[in-house]
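User: Please take me through the packing and the sheet of this model. Keep it brisk.

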Amino acid sequence: MAIKIEELLDVCRVPPGKKVDLQKDYDPGFAGEWVRKEDAGETLAEGTKLLAEEQEILYAQDNYALLMILQAMDAAGKDSIIKHVMSGVNPQGVNVTPFKVPTSDELDHDYLWRNFIALPRRGHIGIFNRSYYEEVLVVRVHPQFLDGQKIPPRFKDEKIWKRRFEEINNFEKYLVNNGIPVLKIFLYVSKEEQKKRFLERASRPEKNWKFSAGDIRERQYWDQYMAAYEDVFYYTSTEWAPWYVVPADKKWFTRIAVAAILYHTLKSLNLAYPVVSEEDQQAMLAAKAELEREVGEKEVQSTDTPEEQTALVESTPDAESQVQSESEQAKNKKNGRKKKMNMSK
Ligand code: ATP
Ligand code: MG
């Protein structure tokens, strides 16, 4: 990719222990100087091709799985990122799970449960469209969600958020230690760009279905959300699972950046196709030789002289007339049966 991945990672990665000030430290309109908008399509196509190659090895090796978490405010472009960045990869090796307001069944379990059962199997890339991070974002901004959770009241104290950060860090460490690296991406859209996108949803018929009055109401809590995100980065950007803040006002740049970060994460696993054992290699060579012999036999069988071939054609009724005569016979038989039936009436 023409894009300088290391520089991009430096821009986006939240160093562990850093108290981020989103407004000061990040610019949602940032687009780097590595790629021009005119070349964005070509660069993304290149990136998705590289990604597809890495994913194929991930799948073949069947040791690692990758979990990519996407968090964002509404209309930041989570759906379109998934659609465009994953466009080239084999759908068989990817699963996407959206996390919405928990159902009553989900509320009957601990908060990690629904995430746990959606984890990608080895060889796969799992994408969480929202995730357990909602538990320290929307639930923190609207603590009434906590009332609906069936945890014992004594655990609903003011220390619950710190405990959740710790639980999340431990969970992610467990995943990483078990061959499931966790890539966490926050798509950072500005409040102005969000407004523009909401207005577009309201005015373009093909986008109306995406418009939600609830999303507009949620804008009032923008500052609380930003503060909650800053805390999330402070407490959960770790050495083993760092956060990436990806500027999201320019969709063409966001797609390239996410593709590059995902590619880099896969590449850093040093994936390799499985090596066939000596024994399996011998068996494969024997099977190959057998297959080649089979082809050879067929070739021998079909080397008749031209005269023999002509004789064969002449002595065989041509296929079409044979089919016709068979269907004619069947028709006659049927008519005969009909006649018989009519006669018996
Ligand atoms: P889109 O709007 O693009 O379809 P979305 O992710 O916004 O995608 P919605 O159905 O609009 O999907 O919203 C899901 C809502 O569920 C979000 O407002 C999110 O904050 C909320 N949610 C997710 N997890 C929880 C949770 N654990 N507790 C409460 N609300 C949650
Ligand atoms: Mg929504």
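Analyst: A nonpolar core here means a set of buried Ala, Val, Leu, Ile, Met, Phe, Trp, Tyr and Cys residues joined through C-beta atoms within 7 Å. The model is predicted.

User: How many residues does the largest nonpolar core have?

Analyst: Met68, Ile185, Leu187, Val246 and Leu262 have the most contacts inside this core. Helix α13, residues 251-267, gives the most to it, with ten residues. The count for the largest nonpolar core is 59 residues.

User: Which residues is Met68 in contact with, leaving aside its neighbours within four places in sequence?

Analyst: Contact requires C-beta atoms within 7 Å. With those neighbours set aside, Met68 touches Ile125, Ile127, Leu183, Ile185 and Leu262.

User: Which strands stand at the edges of the sheet?

Analyst: The sheet is open, has five strands and pairs in parallel, in the order β2-β3-β1-β4-β5. Each edge strand has a single partner, so one side of it is left without a neighbour in the sheet. The edge strands are β2 (94-98) and β5 (243-247).

User: Within what arc do the buried residues of α4 fall?

Analyst: In α4 (residues 78-85), the buried residues are Lys78, Ile81, His84 and Val85. They line one face of the helix, because seen down its axis they fall within an arc of 140°.

Terms used:
Residues numbered from 1 in each chain as written. Chains lettered and ligands numbered in written order. Predicted model: local features only at pLDDT ≥ 70, side-chain atom pairs only at ≥ 80, totals over all residues. Buried ≥ 20, exposed ≤ 12 C-beta atoms within 10 Å, placed from the backbone. Helix = DSSP H or I, 4+ residues; strand = E, 2+ residues; numbered from the N terminus. Contact = placed C-beta atoms within 7 Å. Pairing = 2+ DSSP bridges. Arc of directions from axis to C-beta.
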